[in-house]
Every structure is written in C-alpha cells, then in structure tokens.
Amino acid sequence: MAFAFIAFPLLMAALALAVPSNALRPWLLPLTGAIHAAMTILALMRPEWQFTSAWLVLDPLGKIILLVVSGLFLFCSIYAVGYLKYRMERSNRVFCACLLAFLGLMGLVAWSQHLGLLWVAIEATTLVTAPLIYFNRTKLSIEATWKYLLVGSVGIALALLGTFFLAYSSTGKGQEPSLLLADLLRSAPTLSKPWLHAAFVLLLVGYGTKMGLAPMHTWKPDAYGESPGVVGAVFAGGITSCAFLAFLRVYQICAAAGEGAFASRLLLFMGLFSMAVAGLFMVAQRDIKRMLAYSSVEHMGILMLGLGIGAPALYGTMLHVVTNAATKGLLFLSAGNIHRAYASKSTDDVRGAIRRLPLSGSLFLAGFLAITGSPPFGPFISEFAILGGAFAAGRFVVAGLFLLFLLIVFVGMGRTVLKVSLGRASAAADGIAYRDGLLTAAPVAALMALVLLLGLYIPSPLGALLDDAVRFLGGAAI
Amino acid sequence: MIELLNAILVIVLVMNLFALGTSRILAVIRIVAAQGALLGFIPLLVHERLTVPVVLASVAAIALKGIAIPSIMIRALRDAQIKREVEPLIGLLPSILLGALATAFALLFSGQLTLADPRTSTLIVPTSIATALVGFILLTTRYKAITQVVGYLVLENGIFVFGMLLIEAIPLVVEMGMLLDLFVGIFVISIIANHINRAFSSMDTRRLISLKD
C-alpha cells in the first residue's frame, strides 16, 4: 500500500502526458485526488493494510501530513478543472502531469523513514513544481521560476550536506553510519555533538528554505505571486507541510540526543524573525497574492515557534499544520477567483470584490479573519494553544512578541484585504465576463466550512491522530 | 592510496580557484566537468574492496558530472551565443582571493570537527566545505544565468566529496536518486536559462528585477 501512494499518482501523471484532449485531461486531477483521499482514509483506519517496509512506514507525524496533503489536493484538483477551463488557450499537459507527480512525491515524503530518501523526494518536489510556476509563460513568471529554482536548489543542497553530517555524527563509536530514522533515534545519545550541531543548522537552513522561513523566504512572494492561485494553494499547504515534516524528523533526533535546548533557541529565533519580517512586508502590500505569500512566511514562523516552545505547545503546532493548510487553500483559491475577475491582483485595480464576486469575495474576507486568528475559526484554536503552551512553558517574552507580531500582521493584512473586498466594484472589472462557477467556488466554500468546523470542534479521529503525533514527538523530547 | 586521494583533493581545490579566475564561460564549464569526473574516481580509491555499488556509483558520477551535465550546459551556451561573463560583481582577482580565504576558513573549521576514523584522509572535510563555499561565491557574484548554474554544480561537487565518507551509509538507490535529482535539476534549470535568454534577449540575471516589494 505504501508503494501505491507513490506509484499511483505517478502513473496518472504518465497518463496525463498521454491523453490528447486538453478539455478531458484536467479531469484526471479530481479522479486521482478522490482515489488518493480514499486510500488515505483506508490507510489511516486500517493500519494492518499498510504493508510497510523498513523505509516506508506511516508514523503518527506522517499520518497528519498525508491527511493534510491528500485533503488539500482533493479540493484543489476540483478547482483546477474549473480554472483550466478558463485557460483553454494553452496546453495543460505539463501542468496536469506535474501536479499529479507532485502528489506522488508528497506521499513519498510522508511515508519515508530514510532521511536520504526523504531528501530525494523533497528535492524532486522542487523540480516538478517549477513548471507549475512557469505556467503563464510571461517574463515575470520566468523570473519567479528562476529565483525559485536557484534559491530552492541551493537550500536543498545545504539540506543534503546536513543529512550527510547527521549520518557522519553516528559513526563515532564504531557503528555503521545509518540514515534510518529509527536507527538514528536509537543511537541519538551517542551522536557526536559538534557534527550534530552543524547538521542541525544546515538542515534548518535547507528545509527552512523550502518552508520559506525568513531570511530564506525571498523566492516565496515571487513564486506565489506569479503562479496560478491553485498552485499557490498546494504550495502553501502542501510543500511547506512536507518540508516541515522533514524538519520535524531532524528536530526529533536532536531532542533525543539531549540537545533540545540548543534546537529550541534557534527555532524560537527563526520563528519570531519570520513573523517579524512577514509583518513588516505585509504592511502596505499592494499585491494580494504576494500578501498571502508573506502570510505563509508568518505561519511557517508560527510552526517553528511552536516547535521551539516544546512539549506544551506541540499539540497546537501539529493542529496548526492542519488549520494553516486548510485556510491557505481557501485564501489562495478565492484570491485566484478575484484575480481572474479583475485581471489584476493589485489593490490599485481590485476594489469591491464582494460586490463583484459575492461568494469568492466574502470567502476571501472570512479567510483573512480566519488566518489572522480570529474566533471562531480553526487557526484561532491552534494559535491559542501555542500561546497557551508558551505561557505554560514560562516563556512570557516569547508569548508577548508572538502576540505583538500577530497584531502587526492583522493590521497590515487587514488594510489590504478590506480595501480589496469592500466598497464599490472598480472599473477594472468592467468587460470581464468571469463569474463564480460551481467548480471554482464550491471547493473554496467547502474549505471554509472545514476551517469553521475545526474552530468549533475537532473531530475525534483527528484529535486521536494529533494526540498520537504529540506523544510521538514528546516521547523523544526532553 | 591515501597519498593519491590527497593529491586528487588538492587538484580539486586548485580547480576551484581556476573556476573563479576565468571569465570565459566555456572554460569554466570544462574545468568543472573535469572536477566532476575526477571526483567520480574517488569512490574507487576510498574503498579497499571494490563492490558493485561502489563501481556503479563511480561510473554514474563520472558519466553525469563529467559528460552529460557539461554537454547540456555547453549546448545551452551555444544556443545563447555568449562567450564571456560580463564584469562580475567583484573582479576575477578578488574572487580568487575570496576563494583562497574560503579554503583557509574550511581548513580551520574542519579542525573543530573530529573524524571518527583516523585512517581517512584529513583533507576530505575541508575540501568538501571549501568547494561548497566556492560554489556559493560563483552563484552570488556572477550575473550570467549559465555561470550561476555552474556555481550550483560546484556546490554539489563539494557535497559529493563529503559523501565519500559515508558510502556505506547511503544505499545505492538513494545515491542514484541523488544523482538523478542533480541531473534533472540541472536540466530544468538550463531550460529555464534558455527561456530567460529568449524572453529577455540576454542571460544577464540583472534584468530579472521586476518582482520586488
């Protein structure tokens, strides 16, 4: 079954390359998404059907990431059919194939227990997603793709060096070096400390680049800004979650080696710094997609912060992975609709989105309230749990800064979003026929319902998964 | 064996400085290709016993780093019809000096890290770090898209050198995956570099400045 999670989407990607019809091809996306989601539910409910091998095991952390990726992909795949209908003028062959291959590789990330294999999968996601950013074939999208590839490849190369350092740190006591997570966790207390520290820093920078932590976030606004909204959604909820999972593995090893305090200092700094940088760039941001990219930087910072606080905040952090992915999907997809209705994503042209697109405009506004942590939405619960964890751990300065940065982001993002949503529809939208359709609006509304549900009540199977993940992480923590 | 290995590593370090010191892009690509091919021989020297994985890793590395990737890049260079790097951010002589400084730093830094096996060459770790740093210098101080790709390749070469310490730890599948990722990566980056050339009529990355806040 583990193998099917990787091979099935890749097969569908090959099929997408072979299908000649531009109109039929996008339907492979929701088909694959639905089967993948069904497989995910099956794997989660029936662990005895997982048929794991030493390298591919679905542990509690992998389960959450697989669930997030599979669910988000399903919503995005339905939206993508609607989106590609408006883009019939160009071939979507490569776009569909890359999106499907991307799903397979994210599955590999979630299942992989071998840090070398994990690295290969994450590097491969960089490569298959580059054509997605380049879909519009404009000068701006070339620039964005170039920056994404170069910054991403260098970052991921550093992660490889870090992986090597980590493997080498285990060679000291006459043991065979290994990159299997279980071996590394077992031998964690005997790992060579200088090598482990160097490995941790390199992996933080490397996978942090992929997550988009400041100051390695420079590719992010460009890539999210120039790619279709649906690509932004799978990036902000999918790739970032996968990179976070890779980093969680490293964190776990470091904590098991008794270096939790060393890791925590770096994580708190990176987390707060990312939030501060994101807040700074969100104030007076005139491009709605770039604004969402900075919001993604902020939320990656929140994840790092939660991890840095440690045991009391781990539940909130893992929940935040889920709520952030759902809310980012909602925001990017509705922003994509607004972009199309105005043929612009700048606040200079986009005004009165709620009048112009009653559904997408309202969902965008509600999504803004959700992502900035207003009740009664999901991110409020997870951010509140992280804040509570900070107080419980006695980190009052961190908690204070966390609240301050959340406030700055709220004000900065709010100015842009209110300008875009409220008021009279601007003239830029005149003469553009686009209206909310079933395929492009229903997935957004469904994600909204999910975000609201997570704010009101955590379904018990999800709660159990989160508890397992926290225990899995906390068992190794100090 | 270890003397031969050390000799190769010193040549790799000297090649770094050559790559920094020439403005003809074709020459830089050739130097880095030779460096990659030379690195491909190291697995054969590090291991007493020649097993199938070791030989396969070596052959694959030589074929990819020494032949396949450079030929992709030379073709991209020919399509773009450029010969020289425009004046780099810092001149050629300062970049050689910077490279030498990076090498010295790598030697000092790796002194802090103890090697597990005293029989291995003490030059592996400093060569790896120095080569990676030189890759960074090329990436950040050159303007032509294709030279930046060469910088990335040098960075990867540096990491490859470190991999020599751990060939048993990394299974063949993963090793091949890494090489394949590198190959596809360079391939995709070269395609985009070609598109840059077509869209902007130049491979000068200083033209890529439209996206900013």
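This is a predicted model: local features need pLDDT of at least 70, side-chain atom pairs count only at pLDDT 80 or more; totals for chains, interfaces and linings use all residues.
A crossing of two helices is left-handed if the near helix is turned anticlockwise from the far one by less than a right angle.

Helix H3 of chain A covers residues 60–85, and helix H10 of chain A covers residues 229–256. The two pack at an angle of about 170°, and their axes are 9 Å apart. Angles over 145 degrees count as roughly antiparallel. H3(A) and H10(A) are therefore roughly antiparallel to each other.

Now look at the residues that meet. H3(A) brings Leu61(A), Gly62(A), Ile65(A), Val68(A), Val69(A), Leu72(A), Phe73(A), Cys76(A), Tyr79(A), Ala80(A) and Tyr83(A). H10(A) answers with Val230(A), Ala233(A), Val234(A), Gly237(A), Gly238(A), Ser241(A), Cys242(A), Leu245(A) and Leu248(A). By class, this contact has 16 nonpolar residues, four polar ones and no charged ones.

H3(A) has another partner. This is helix H18 of chain A, residues 438–456. The axes of H3(A) and H18(A) come within 7 Å and cross at roughly 160°. These two helices are therefore roughly antiparallel to each other. Their crossing is left-handed. On the H3(A) side, the contact uses Phe75(A), Ile78(A), Tyr79(A), Val81(A), Gly82(A) and Tyr83(A). On the H18(A) side, it uses Leu439(A), Thr440(A), Pro443(A), Ala446(A) and Leu447(A). Nine of the residues in the contact of H3(A) with H18(A) are nonpolar, two are polar and none is charged.

Step back to the core. The largest nonpolar core holds 259 residues. H10(A) gives the most to this core, with 20 residues. The residues with the most contacts inside the core are Ile64(A), Leu100(A), Phe102(A), Val109(A), Leu161(A), Ile146(B) and Val149(B). Leaving out residues up to four places away in sequence, Val109(A) touches Leu118(A), Ala121(A), Ile122(A), Cys242(A), Leu245(A) and Ala246(A).

Next comes chain B. Here 34 residues of chain B are in contact with 37 residues of chain A. Three helices of chain B each give two or more residues to this side: H5 (124–141), H6 (145–163) and H7 (172–200). H7(B) supplies the largest share, 13 residues. The side of chain B that touches chain A has 23 nonpolar, seven polar and four charged residues.

Phe187(B) sits in helix H7 of chain B. How exposed is Phe187(B)? It has 15 C-beta neighbours inside 10 Å, so it counts as partly exposed. Its C-alpha atom is separated by 20 Å from that of Leu208(B), 21 residues apart along the chain.

Return to chain A for its loops. Leu58(A) lies in the loop between helix H2 (28–45) and H3. Is Leu58(A) buried or exposed? The cut-off for a buried residue is 20 or more neighbours. Leu58(A) has 22 C-beta neighbours inside 10 Å, so it counts as buried. Beyond residues up to four places away in sequence, Leu58(A) touches Ala43(A), Gln50(A), Thr52(A), Lys63(A), Leu66(A) and Trp111(A). The C-alpha atoms of Leu58(A) and Ala2(A) are 56 residues apart along the chain and separated by 8.1 Å.

Other loops carry cis peptide bonds. One joins Ala214(A) and Pro215(A), with omega about 0°. Pro215(A) is in the loop between helix H8 (193–211) and helix H9 (219–226) of chain A. Another runs from Pro375(A) to Pro376(A), with omega near 5°. Pro376(A) is in the loop between helix H15 (358–371) and helix H16 (378–392) of chain A.

Finish with positive phi values. Arg137(A) is a residue other than glycine with phi near 55°. It lies in the loop between helix H5 (115–133) and helix H6 (139–169) of chain A. Arg137(A) counts as exposed because it has 10 C-beta neighbours inside 10 Å. Ala284(A), also not a glycine, has phi near 65°. Its loop runs between helix H11 (260–282) and helix H12 (288–309) of chain A. With 12 C-beta neighbours inside 10 Å, Ala284(A) therefore counts as exposed.

Definitions and conventions
Residues are numbered from 1 along each chain as its sequence is written. Chains are lettered from A and ligands numbered from 1 in the order in which they are written. Two residues are in contact if their C-beta atoms, placed from the backbone, lie within 7 Å. Helices (H or I, at least four residues) and strands (E, at least two) are DSSP runs, numbered from the N terminus. Ala, Val, Leu, Ile, Met, Phe, Trp, Tyr, Cys and Pro count as nonpolar, Asp, Glu, Lys and Arg as charged, and the others, Gly among them, as polar. Axes are lines fitted to C-alpha atoms, for helices over the stretch in contact, and angles run from 0 to 180 degrees between N-to-C directions. Angles under 35 degrees count as roughly parallel, over 145 as roughly antiparallel, 65 to 115 as roughly perpendicular and the rest as oblique. A nonpolar core is a set of buried Ala, Val, Leu, Ile, Met, Phe, Trp, Tyr and Cys residues joined through C-beta atoms within 7 Å.
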